[in-house]
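The sequence and structure come first.

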Amino acid sequence: MTKIGVLALQGAVSEHADMLRRLGVDVCDVLDPNDLDGLDGLVLPGGESTAVGKLLDFYQLLEPIREMGRKGFPIFGTCTGLILLSKHINGSEQLRLGLMDTFVERNAFGRQLASFEANMPIDVLGETPFPTVFIRAPYIDKIEGEARSLLELDGKILMVEQGNLLATAFHPELTDDTRVHEYFLQKVNVYKKREIVVGR
Amino acid sequence: MAENIEKSTGTFKVKAGLAEMLKGGVIMDVVNPEQAKIAEDAGAVAVMALERVPSDIRKEGGVARMSDPEMIIGIQNAVTIPVMAKARIGHIVEARVLEALDIDYIDESEVLTPADNKYHIFKNDFKVPFVCGARNLGEALRRIGEGAAMIRTKGEAGTGDVVEAVKHIRQVNEDIQRVVEASDMELMTIAKELGAPYELVKQVKELKRLPVVNFAAGGIATPADAALMMTLGCDGVFVGSGIFKSSNPAKRAKAIVQATAHYSDYQLVAEVSKGLGDAMRGQSVAQMEETDKIAGRGW
């Protein structure tokens, strides 16, 4: 059975766990490095990125997750997760994993009053628009290297992938629509198959 | 590329959603930009901007009102984490002023002197989200019925005594248990007894919990206090006077953040509790006059 970890230091952890369980995968909380053993993928939920970055460092999770991500381990970040995955955080030195070739702008739409919901077409998820929820959300203003935009609105990139890595500026875990999580699980399945070929 | 997208702001989903993002975190009372920076550096998920922390409001007396907008703006400019601020119970205009300041969350708070002794703000009318205090399920559901997107226990603010916060979360939990175990036939009578909207009582039965995030507040002063409230089922904690009335605020703030994130790792709670200096002196609730208690404010 596929086993996915959800980083459980702070933020919307249970929402991701519930959605993954609905998709029939085994889910566990990741609180320290031992919890990373035996996982097929990891979700970095929404929260406060400065707080989560500090806690990742404190619990010595930053380096092991970064190393796994570099080696092809699938990681999916939402909102704060997107910020943590980005190599470049505009105007900030805050701690991060820095795995994706993305330039991210924090709180980019403004404060809470600018938080919004909208139905957006996302090609890789099929024809039905996806019910996006943005909360004090970041966006990506520039990508380079291997990063590929999956959703763009008014010059702002809102969903991006780079090989084994997937990130959204919005919160699919706050909706009933499982398609973004399913898309991530496709990456997980590719990763699992490759492991078998390597024959560990 | 997406085009002509219609955006909806101020929906209940985005209001309650911000509270979801704060789960497992600590929200700290701060009275100036310097304290706000200390809170952010310690890993706070949000700050509550106010002129006087509850223990000073207790000590100094007088009417406690919404903070000076200039001071709130100073704090908004100092940090990137969400900034909350308090409005008096029922004070629609203080709330509108805070909304105009682009505040991230309003606490319609019993810590301030109530402006209306009969009604709370109808929070559904606002685009900005509200958090409100509660001592039991009925009070929590009345506030949610009015539009609150987040609940906190009231505890007894400014005392540094956790006993009331414990009492309130235990009461909420007991009330939820009762609703969950009740048959459909019993629900209306329970709703009547709790003084809670029937539809929300039904929702609690389905969800087996409050329909919104529930933080602890009122009397939390140590990392162990914070971990205790998490153990009792709170989603996160507010710390008011407990941090900046202690002898080493930066260290204590960080320790409380770490204990909240890892509340069931007692080795860690022990480790972070070492050498924090003096906690706020505080005041035992059991020795207080009833008239000095503020948790009773709210209707």
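Predicted model: local features only at pLDDT ≥ 70, side-chain atom pairs only at ≥ 80, totals over all residues.

A salt bridge here is a side-chain nitrogen of Lys or Arg within 4 Å of a carboxyl oxygen of Asp or Glu. Glu108(B) belongs to strand β5 (residues 105-109) of chain B, while Lys123(B) sits in the loop between β5 and β6 (130-134) of chain B, so the pair ties together parts that are 15 residues apart in sequence. Glu108(B) counts as buried because its relative accessibility is 2%, and Lys123(B) counts as buried at 0%. Elsewhere in chain B, Lys86(B), Asp107(B), Glu110(B) and Arg152(B) are joined into one network by salt bridges that share partners.

Over all chains, the whole structure has 32 salt bridges. The table lists some of them.

| Pair | N to O distance |
|---|---|
| Arg66(A) and Glu63(A) | 2.5 Å |
| Lys23(B) and Glu15(A) | 2.9 Å |

Arg66(A) and Glu63(A) are 3 residues apart in helix α3 (residues 62-70) of chain A, which means that about one helical turn separates them. Arg66(A) counts as buried, at 16% relative accessibility, whereas Glu63(A) counts as partly exposed, at 42%.

The interface between the chains involves 42 residues of chain B in contact with 41 residues of chain A. About 3,400 Å² is buried between chain B and chain A, and carbon and sulfur atoms give 60% of that area. The rule finds 3 salt bridges across this interface. One of them links Lys23(B) to Glu15(A), and both residues are buried. There are also 20 residue pairs in polar contact between chain B and chain A, both members at pLDDT 80 or more. On the side of chain B that touches chain A, at least two residues come from each of β1, α1 (12-22), α2 (33-42), α12 (249-261) and α13 (266-273) of chain B. Helix α1(B) gives the most, with 8 residues. By class, that side of chain B has 18 nonpolar, 12 polar and 12 charged residues.

The chains also share an open sheet of 3 strands, ordered β8(A)-β7(A)-β1(B), with antiparallel pairing. At its edges stand β8 (130-134) of chain A and β1 (8-9) of chain B; each has a single partner strand, so one side of each lacks a neighbour in the sheet. Strand β7 (residues 116-120) of chain A is joined to β8(A) by 5 bridges, and Met120(A) has Phe130(A) as its bridge partner in β8(A). Between β7(A) and β1(B) there are 2 bridges, with Ser8(B) as the partner of Glu117(A).

Terms used:
Residues numbered from 1 in each chain as written. Chains lettered and ligands numbered in written order. Heavy atoms only, no water. Pairing = 2+ DSSP bridges. Helix = DSSP H or I, 4+ residues; strand = E, 2+ residues; numbered from the N terminus. Contact = heavy atoms within 4.5 Å. Buried area = accessible area lost by both parts, 1.4 Å probe. Polar contact = N/O pair within 3.5 Å; in protein donor to acceptor, adjacent residues only side chain to side chain. Nonpolar A, V, L, I, M, F, W, Y, C, P; charged D, E, K, R; others polar. Buried < 20%, exposed > 50% of the residue type's maximum accessible area, 1.4 Å probe, protein only.
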